Amino acid sequence: MASVFTCKISPYVTLNSGIKPRFGVRAQSLGGGDSTVLSSDVIVVNETSFVGKKEKNGALIDGGSGEKEKSGALIDGGNNGRLKPRIEKKWVKDAIFKDLELLWDDGYGTKTVKDYLDGAKEVIKPDGGPPRWFCPAECGQPLKNSPVLLFLPGLDGVGLGLTLHHKALGKAFEVRCLHIPVHDRTTFEGPSVMCMLACRCDPHAFFVLWHGLVKIVEETVRLEHASSPNKPIYLVGESFGACLALAIAARNPKIDLVLILVNPATSFGRSKLPLLPILEAMPGGLHDAFPFLVGFVTGNPLKMAMANVEHNLPPRLQFQQLYHNLTALLPSVSVLSDVIPKETLLWRLKLLKSAAAYVNSRLHAVKAEALVLASGNDSLLPSKDEAHHLKSSLKNCKVRYFKDNGHSMLMEDGFNLLTIIKGTCKYRRSRRLDLVSDFLPPSMSEFKYAFDEVVGLLRFATGPAMFSTLDDGKIVKGLAGVPDKGPVIFIGYHMLMGLEIYSLVEEFLREKNIMVRGVAHPDLFSEIMEGSDTEFSVSDWMKVMGAVPVTASNLFKLLSKKSHVLLYPGGQREALHYKGEAYKLIWPDQPEFVRMAARFGATIIPFGTVGEDDVAELALDYHDMMKIPILNDFIRSAMSKGTRVRDESKGEVASTDLFIPGLLPKVPGRFYFLFGKPIQTKGMKEMLEDKENANELYLHVKSEVQNSIAYLLKKREEDPYRSIIDRTIYRAFRSPLNEVPAFDP
């Protein structure tokens, strides 16, 4: 199978396919025997590449020739196919992606659980080898300085649990997956004395058993840490693999680890389904039916089959694709009886029992940052309750709860692992997170999901209309007046609840392929927003779409990278305004952004937006809520935990009143945006050092925003499609959503 690599080596081997790798790797072999590798490309080892002989199935087997050619692994041609016992990385010039393009193809939605089953059928062929690492071909070549991601599988041991995510993760990480062969009996922690005595005549078996799975993974982690001490190492553990990841973290508190724990089996003792007693009592003749039972218990078949179905297709076509996927999937499920035969499953359930006990007694020693991903429909484990437990037991733990997913949610629709890592601010390339330099632009699948599924209803209801101003002052439809090249700072009015942000970011991506980086309130990134049952929400999607905390250093970094930056001087106070303050600019007295813009010669784009009064009426504001005893206490508690962005010298805008206003919805009208004439600051750095000049420019920008708001409030009266009813009728007969006309500017 061209998409998978295996070889009879452990604990460490890196294999790439389809591309020229950017480094050579030293690896350690656990014993003798030939190495079998599936097709790949060149690997540089001390400036030499090695190749093996091709078999019918596309595998490369090194016969000891040491020929210089393309190969899938580091094979020592003169050492009977063993891997070289050192690790050495060597960067190859011009062979690494420096940046990802906006709306890149992450491959999500092109694979299903059937691809996993087909791959498993090839990988599980008996070879007598110990556990080993492999790199899936679909992962391709990552960005420069990408961290390593080690995937630790569940009870299946195949290592293909990330099949739906290989292409996406392969851009952000150096992905390696652990494969535990079907008939392997390596223990979790290490061997018993009797086991050591039984294997004393077989050096290979003795070496493997002496290590145990924990030791095998631990050696890999330590080797990688020694090679790149300033980069984090990601351990993605599914079910049993999560126990393995926690064990490694407990034993290595000084290594920078990031744990991604998917339905961790640390709760195995409280499982709703007593698999071990059932399996031990089951007659041998019924075992062939057991994989079907387990398959439906551990996953949601419909969500698995929906993984590659386009959500924007008509219902009839969605159903046809779903039916096709289900009919193709069901015959493949029988391979599970070969992936986990009865004897293997019994062994691994006992292994899991010991692993859970081992880890639960050592949770206090885990210092690594952790992200727990828990399912709401897990029929195998009490994953939601375990998320609560780990949240309170681990020192640095976040939780995201997926109420509609089953135990095997890595295989299910609507679960993009890289998106979740990005949205929870867990992706970094060095010891410290930098949301500017570590930012990965949204992929096309993320763009579609965010703006069709997450905020699609808001977009449909508000039908945003965009206008911009050319250099000669002419107002035109669309965004032609906004410069394509940065640095650019958008300065504007923050609508009630910040409802305008989603449309603004979407339209710039859709029309101009520009990523607008918003600077947001720090509380969006703090523990205030976290809980043990927090779902992946709109606030997480804002981070996926480039939001960063509003700080001077982040603004500096963004402008230095020539970004398009969205800044609201009115901030939280303006977005959570009181009754009677609609379209009122509540800005600080001091020109906070002017000098920073001049320092980088940034173009300032003042803009106005209107429409909040067309979608809802503000029924309860801060003053009203503070008169209600229960809400009063809640708001005061939230305010005490909040972050103060400005000191009181900034005036009214420094208010930290955190509350959710009471809104009465209306029949939706429309959102309108007008981006004003670009204001150039290039060459004005010295002039704007003078406070009076800076303040004059600041007041000019503020005046332009006010003028834009006034213009839109007047002109929207001329829009024949201001009402959602009129727009819906127009769309039904004439055009898609983003092409409904508005007033003539």
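Predicted model: local features only at pLDDT ≥ 70, side-chain atom pairs only at ≥ 80, totals over all residues.

Biologist: How many salt bridges does the structure hold?

Modeller: Side chains of opposite charge can pair when their charged atoms come close. In this structure, the number of salt bridges is 31.

Biologist: How many residues apart in sequence are the parts tied together by Arg176 and Glu224?

Modeller: Arg176 forms a salt bridge with Glu224, with 3.3 Å between the closest N and O atoms. Both residues are buried. Arg176 belongs to strand β6 and Glu224 to helix α4, so the pair ties together parts whose separation in sequence is 48 residues.

Biologist: Is Arg222, the partner of Glu218, buried or partly exposed?

Modeller: Glu218 and Arg222 form a salt bridge whose closest N and O atoms are 3.2 Å apart. The two residues lie four residues apart in helix α4, about one turn of the helix. Glu218 has 1% relative accessibility and therefore counts as buried. Arg222 has 38% relative accessibility, so it counts as partly exposed.

Biologist: Which residues are joined into one network with Asp614 and Arg716?

Modeller: Arg716 and Asp614 meet in a salt bridge, at 3.7 Å from N to O. This pair links distant parts of the chain, 102 residues apart: Arg716 is in the loop between α24 and α25, and Asp614 is in helix α21. Arg716 is buried at 5% relative accessibility, and Asp614 is buried with a relative accessible area of 12%. Through salt bridges that share partners, the network also includes Asp613, Glu717 and Arg722.

How values were computed:
Residues numbered from 1 in each chain as written. Heavy atoms only, no water. Salt bridge = Lys/Arg side-chain N within 4 Å of Asp/Glu carboxyl O. Buried < 20%, exposed > 50% of the residue type's maximum accessible area, 1.4 Å probe, protein only.
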